[in-house]
Amino acid sequence: MASTPHVEAEYDIVIAGGGTSAGVLAARLSSVPGLRILVLEAGPPTHDDLTLRQPACVTAHLTPASQTLRFHVSEESAALGGRRLVVPTAACVGGGSTVNFSMYTRASASDYDDWENVYGNAGWGSADLLPLLEKSETYQAQPGARTHGSGGPLKVSYGGHFTNVGKDLLDVARAYDTLRSSKEDADPNDLETVNVYARWPKWIDGDDGTRSDVPNAYLYPLEKNENLTIVPAASVVRVTLDENQRATGLEFVWNQRFLPGADTGVHKVKSTSLVVICAGVFGTPGILERSGIGGAEVLARVGVPQRVDLPGVGESYQDHNGLFVPYTAAPEAETLDPIAQGNAEVIEAASSEWFSTGKGLLAHNSMDIGVKLRPAPSELDAFGTAFRQRWEEYFVPKPDKPVLWLGAFAMLIGDPRQAPPEKYFSMGYFTGYPLALGHVHITDANNVDAPTDFRSGYLEDLADVTPLVWAYKHTRELARRMPLFRGEPPALHPRFAADSPARAIERADGAQAGERIAYTDQDEKAIEAFTRERVTTTWHSIGTCAMKHKDQGGVVDAKLNVYGVTGLKVVDASICPGNVGANTFSTAVGIAEKAALIITDELSSSIVA
Ligand SMILES: Cc1cc2nc3c(=O)[nH]c(=O)nc-3n(C[C@H](O)[C@H](O)[C@H](O)COP(=O)(O)OP(=O)(O)OC[C@H]3O[C@@H](n4cnc5c(N)ncnc54)[C@H](O)[C@@H]3O)c2cc1C
C-alpha cells in the first residue's frame, strides 16, 4: 500500500474489522440510500492476490510469515502434553472468507434452535436463519436442491475436479462402514442429514474456479457506491463512549506493517448512528476490553478503567478439536501436494487448465468426501465411558447433531517439513461440540498487536478425548482399505510398541484388506497420548462475546446490542452462544445477514439502541 487512505471525520455507521461478517453487513447496509458506512480493517487489501483467488493455494497463507493471518498462541496445557496451541485467524480484507479452506458445511437445525430456545434469543432459530443462508448463496453443486439458494452472491460448487482420493474413500466407506450409508449425491448440508458419506461442496465458483469470498461476492460489485468506504491497514484500538455510555465512534492506528512510515498517532472517527464490531473471535473482545467493557479483574490487570462491567467478554472460547492424520498415497493419487511443494511442472499444467477452463486441482480444496457422524448403538461403548453421559444428555435428544465430522483431504495437511515430498492423503476428523471452554483476553491497554492471553480449553474434559481416539481408529480402517494407500508415516502416527500388531505399516503396495486392527490397552494409551500431542485448531473459533443473558455470561442481546452501552453492536462469529457442529463460515454469513435485517429495521424506525 502506498499512502495513508483518506478517512472522513464522521460516518453514519462505523464498522471495526473488515472480514466475513463485516463485508456481508456493509454490503447489505449500503443499499440503504444515503447511509454512509466506514469499514476499518487491520489487515492488507486482498484485491489482486492470485494465491487467494485460486482455492488450492490456501496453504501458502498458513506459514509463519503470512501477511493475511495472525497467530494466537495459547498458554501451556497439561491436557495437550504440555503444548501450546497455535490458532491462526484471518487478518486481511475479506477475513476468513478470503483465507479459509472453502469447505461448505452448514450447521444442524437444532444448533440454531438452541440459540433461540436454550439461550433465549428470539428470532435466531433455524426457521429464521435458513432463509438467510439461502439468500446468501447460489448452490451450483445441485441446482434447485431443497434448502439451498439460487440467486445469492456466494457460489457453491463441488470444485474443479473429483479426486480419485475422494472416490476411493466413498467406495471403501460403502463397503466397510455398513452402519452408515454412502451416497455421492446425498446432501449432508440440509441442516438435518447425518451418517451419510457424501460428496462435499466448496465455496468455489463452479464457472471460473475462483474462491467465492465475501469481498468478491458482496463488496467489489459495489465499489462504485460512494456511501461505502473500506479502509485497510487500520487497526481499531477502542470504541469511544460518551458520559451516557453511548458509543460515539472508534479510535484507530495505522498498521505499520502495511503502511510503513505512516504516522503512529491515534485517530478518531465518529458515528452518527451506530458502531459495529466485527473483528472476529479474538479481535472483538480485545476492542471491547480496551474500551473498558469487560470483567473487572481482566481490566484491572492491564490498567484499563472499567466503563461497563461485563465479565462474559472474552470468555466461553470454543473451537472444534481436530486431527489430520497423514497416509502415504500412490503416485497416481490426485493430490494437492505437488502444488504445495512448488512442483513447477505440475503448477504450470494446473495453471493453464485453471486459466482456460476454471477447472482442475487449482479449483479445489483437497476435500471431496466427508460425513457428519453419530455413533450407532453398537459403537457407543467404543466411544468411551467418559462420553456416555454427554451422549445421553446432549446428543440423544437432538438426532441431527453429529458427534464428529470426518473425511479425506487429498494432501498432507500440516507442516510439509514433517514428511518427505511425496503424495499423501490426510484423514481429518473433529468433534462438533467439545465441552471444555477457554478464554481470550488482552494483555495490554493500548497495543493492538500485543499477544493474546489465550486459554484454549482443548481436551480438558475426557469426554472430548475419547471420540477422537475412536475416530483415529475408524479413519485408519478406512484409509488402509483405500486402493491408493501406500503406508503410514510412523512419526506421524501414535507410538505403538514395536511388537504391537497395531504398529504402523511404513510401506505398502496397496490396500490392506485384512481384519480390523486389534488394539491392546497400551495401544489405546498411545492413541490418547497421540491425540493430546497432535490435536489442532480447525480454525472454527466462536463464542467469546456470546449472545445470551448477561447473568449467564452473555455480552450481547438478541438484537446484538452490547449490554450496558447504547449504539454498539457485535456482528461476527464471537456471538455464537453455543457451538455449531460444522465449519463456521456459513454461520458467520448467516449472522451478518440477520444483523443487516435487524439494523435496517431499526434504522427505518429510528430506534438504533
Ligand atoms: C485458515 C482458516 C481456514 C478455515 N477454513 C474454513 C472452511 O473451510 N470452511 C468454513 O466454513 N470455515 C472455515 N474457517 C472459519 C471461517 O472462515 C470463520 O469462522 C469466519 O470467516 C469468521 O468470520 P468473522 O466475521 O467472525 O471473522 P473474520 O472473517 O476473521 O473477520 C475478522 C476481521 O477483523 C479484523 N480485525 C481484528 N481485529 C481488528 C482490529 N483491532 N481492528 C481492525 N480490524 C480487526 C481481522 O483482521 C479480520 O479481517 C476457516 C478459518 C481460517 C482462519
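I began with charge pairs across the interface of domain 1 and domain 2, where the rule finds six salt bridges, a salt bridge being a side-chain nitrogen of Lys or Arg within 4 Å of a carboxyl oxygen of Asp or Glu. I noted that this is a predicted model, in which local features need pLDDT of at least 70 and side-chain atom pairs count only at pLDDT 80 or more, while totals for chains, interfaces and linings use all residues. Residues are numbered from 1 along each chain as its sequence is written, and side-chain values use heavy atoms, with hydrogens and water left out.

**Domains.** I looked up the bounds, which come from an automatic or database domain assignment: domain 1 is 1-152 + 207-319 + 441-455 + 539-609, and domain 2 is 160-201 + 321-431 + 460-534. Taken over C-alpha atoms, their centres are separated by 31 Å.

**Interface.** I found 41 residues of domain 1 in contact with 38 residues of domain 2, contact meaning heavy atoms within 4.5 Å. The area buried between the two domains is about 3200 Å², and carbon and sulfur atoms give 53% of it; buried area is the accessible area (1.4 Å probe) that two parts lose on being put together, summed over both.

**Arginine 146.** Which residues pair with arginine 146? I found a salt bridge to glutamate 192, with the closest N and O atoms 3.7 Å apart, and another to aspartate 190, where the closest N and O atoms are 3.6 Å apart. Aspartate 190 lies in the loop between strand E7 (181-182) and strand E8 (196-199), and arginine 146 in the loop between strand E5 (137-139) and strand E6 (154-156), so this pair ties together parts that are 44 residues apart in sequence. Strands here are DSSP runs of E, at least two residues, numbered from the N terminus. For the structure as a whole I recorded 34 salt bridges.

**Ligand.** Which residues come nearest to the ligand? Of the 36 residues around the ligand, these are Thr20, Ser21, Glu41, Val236 and Thr584, where a residue counts as near if one of its heavy atoms lies within 4 Å. I then checked individual atoms: an N or O atom in the side chain of serine 21 is 2.8 Å from an oxygen atom of the ligand, and a polar backbone atom of phenylalanine 585 is 2.9 Å from a ligand oxygen. A nitrogen atom of the ligand lies 3.0 Å from a backbone N or O atom of phenylalanine 101.

Terms used
Polar contact = N/O pair within 3.5 Å; in protein donor to acceptor, adjacent residues only side chain to side chain. Helix = DSSP H or I, 4+ residues; strand = E, 2+ residues; numbered from the N terminus.
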